[in-house]
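Subject: Structure handover

Hello,

Here is the structure for your files. My notes on the core and the backbone follow it.

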Amino acid sequence: CDVYPVYRDPVHDFGILRFDPKAIKYMPLAALELRPDLARVGAEIRVIGNDAGEKLSILSGVISRLDRNAPEYGEGYCDFNTNYIQAAAAATGGSSGSPVVNLDGYAIALQAGGRADGAATDYFLPLDRPLRALDCIRRGEHVSRGTIQCQWMLKPFDECRRLGLTPEWEAAIRKSFPKETGMLVAEIVLPKGPADLKIEEGDILIKVNGELLTQFIRLDAILDSSVGGKVKLLVQRGGEDLNVE
């Protein structure tokens, strides 16, 4: 059947398409509920797709981590400013865009990429941003997306310490987020963008609008809800606290 593009995200690797269910013949259709909150380490998953061009393949795996930086694909497009979910499902080309479902049948992630070196490692896009975009479209609203034109990377605490993270802030972050293993660090700042001359590469993000923050998902949510407004950031640069707006 024909499908029509409804939304293409300007940053993350997903889009939303529309089709007429009545155009599908001779097969029942089932909808999968999007539940990004159910993605957790140790969850058993199934990747349902056209792996290696097969008509239908269902691959099994277990989520091993939730906080991987988006993979670098070399030439062409690479996702950024998001964490990826990692699992061992041995998917190959053809499964991209497939739903990653848990054993209760909820879609908890989106198959996004894998490794070409034979390692059985797969990377999934979290569904937080796709679900928000879908909800906005269903309500007939514009999908607002905010940015300060700065690319962040998740870095472990030991690297953050080398960049100047003070023991006091590390203790505060670990107390607030006992399961977290790292923080967001500025990687690339777009010249002449809103963050230029305010944020420098290597700055460690501590707070946004007064809220302690270590995750892309929360940062995205704040930026998307602040379009046209201002955001206040507290960063550490070489062990010194800096407030920027």
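Contact here means heavy atoms within 4.5 Å. This is a predicted model: local features need pLDDT of at least 70, side-chain atom pairs count only at pLDDT 80 or more, and totals for chains, interfaces and linings use all residues. Residues are numbered from 1 along each chain as its sequence is written, and side-chain values use heavy atoms, with hydrogens and water left out.

Core first. A nonpolar core is a set of buried Ala, Val, Leu, Ile, Met, Phe, Trp, Tyr and Cys residues joined through side-chain atoms within 4.5 Å. Buried means under 20% relative accessible area, exposed over 50%, partly exposed in between (1.4 Å probe, protein chains only). The largest such core has 20 residues. Ile148, Trp152, Ile199, Leu205 and Leu233 touch the most other members. At least two residues each come from strand E9 (150-156), E10, E11, helix H4 (216-224) and strand E13 (233-237). Helices (H or I, at least four residues) and strands (E, at least two) are DSSP runs, numbered from the N terminus. H4 gives the most, with 4 residues.

Take Leu205. Beyond its neighbours within four places in sequence, Leu205 is in contact with Trp152, Met183, Leu184, Leu213, Leu219, Leu233, Leu234 and Val235.

A second, separate core has 15 residues, including Ile16, Ala107, Ala112 and Cys136.

Now the backbone. Lys192 is not a glycine, yet has a positive phi of about 65°. Lys192 sits in the loop between strand E10 (182-189) and strand E11 (204-208). Lys192 is exposed, at 82% relative accessible area.

Asn209 also has a positive phi, about 50°. Its loop runs between E11 and strand E12 (211-212). Asn209 is partly exposed, at 43%.

Best wishes
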